[in-house]
Amino acid sequence: MNLALWAAKTGLDAQNTQMSVIANNLANTNTTGFKSDRAAFQDLMYQNVQQVGAQSTQNTQYSTGLTLGTGVRIAATEKNYTQGSVLQTASNLDMSITGLGFFQITMPDGTLSYTRDGSFSMDAQGNVVTASGYPLSPAITIPANTQSVSVGTDGTVSVTTSGSAKPTTVGQIQLATFINVQGLQPTGNNLLVDHGRSQPPEPLGQLGECRATSQIKRQS
């Protein structure tokens, strides 16, 4: 195939992939905790027609070379983890993360997934779960006779039960962070998984890392 046509074809393919990335970003504008993607371009191999420094005559050399590029490709997609906006909701279990960190979620096979989606609810057993029914890790269970729930800035979950005016602590939400957050792979359901490319997760427990009481994180 003519080199110019081939290079143009690779450009069309790369631009089509970028349009898919942008379309997915737009489609998830209202997805809780969604972080937009950015396509990273990379040029392809070059044909070296004339080597720089090669002999042009017996006594002279070429001061420049002649290389022909063969096109472009999408090398990777990268998540934008800048701080998103916070929307007020009516649920005491909706939470937002200020700064670094991910909520830890236990999957049905026992492995951990991670999310910035802080819209939680309770299942029939009182466990705090995601919209898909996956529980937080470590697990937090709300007693059946609970009248109100509050979450402190340090992630401490307290409840007020019937017959008691004093709040009782039932657990603490623990966030995890990664050295290489771009190594996390999105799998759908607002979840990401670690395939060992992000370094082991490190716990976060500082004040201000977890904000709660009717707030959820939206897209950046």
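**Group meeting: cores and aromatic pairs**

Let's start at phenylalanine 120. Beyond its neighbours within four places in sequence, phenylalanine 120 is in contact with Ser91, Leu93, Asp94, Met95, Phe103, Ile105, Val128, Val129, Thr130 and Leu136. Keep in mind that this is a predicted model.

Where does Phe120 belong? It sits in the largest nonpolar core, which has 19 residues. Phe120 is one of the residues with the most contacts inside that core, along with Phe103, Ile105 and Ile173. Three strands each supply at least two residues of this core: E7 (102–106), E11 (146–151) and E12 (156–161).

Now the rings. How many aromatic pairs does a search of the whole structure find? Four. I will take two of them.

First up, phenylalanine 102 with phenylalanine 178. The ring centres are 6.1 Å apart and the planes stand at 65°, so this pair is edge-to-face. The cut-off for that label is over 60 degrees. Phenylalanine 102 lies in strand E7, while phenylalanine 178 is in the loop between strand E14 (175–177) and strand E15 (184–188). So the pair ties together parts that are 76 residues apart in sequence. Buried or exposed? Phenylalanine 102 is buried, at a relative accessible area of 2%. Phenylalanine 178 is buried too, at 6%.

Next, tyrosine 114 with phenylalanine 178. Here the centres are 4.9 Å apart and the planes are at 85°, so this pair is edge-to-face as well. Tyrosine 114 comes from strand E8 (residues 112–115), and phenylalanine 178 from the loop between E14 and E15, so parts 64 residues apart in sequence are tied together. Tyrosine 114 is buried, with a relative accessible area of 4%.

Which residues make up the aromatic cluster? Tyr81, Phe102, Tyr114 and Phe178 form one cluster.

Val49, Leu66 and Leu68 make a nonpolar patch of about 230 Å². Valine 49 lies in strand E2 (residues 46–50).

Last, the whole protein. It has one helix and 19 strands. Of its 220 residues, 35% are buried. Take the contacts between residues at least 6 apart in sequence: 59% of them join residues at least 24 apart. The protein exposes about 12,400 Å², and carbon and sulfur atoms supply 53% of that.

Note on methods: Residues are numbered from 1 along each chain as its sequence is written. This is a predicted model: local features need pLDDT of at least 70, side-chain atom pairs count only at pLDDT 80 or more; totals for chains, interfaces and linings use all residues. Side-chain values use heavy atoms; hydrogens and water are left out. Helices (H or I, at least four residues) and strands (E, at least two) are DSSP runs, numbered from the N terminus. Buried means under 20% relative accessible area, exposed over 50%, partly exposed in between (1.4 Å probe, protein chains only). Contact means heavy atoms within 4.5 Å. Accessible areas come from the Shrake-Rupley method with a 1.4 Å probe; for residues, only the protein chains shown count as cover. A nonpolar core is a set of buried Ala, Val, Leu, Ile, Met, Phe, Trp, Tyr and Cys residues joined through side-chain atoms within 4.5 Å. Patches are made of residues with over 30% relative accessible area and no salt bridge: like charges are joined within 9 Å, nonpolar side chains (Val, Leu, Ile, Met, Phe, Trp, Tyr) within 5 Å. A salt bridge is a side-chain nitrogen of Lys or Arg within 4 Å of a carboxyl oxygen of Asp or Glu. Rings of Phe, Tyr and Trp (its six-membered ring) pair if their centres lie within 6.5 Å; planes under 30 degrees apart count as stacked, over 60 as edge-to-face and the rest as tilted.
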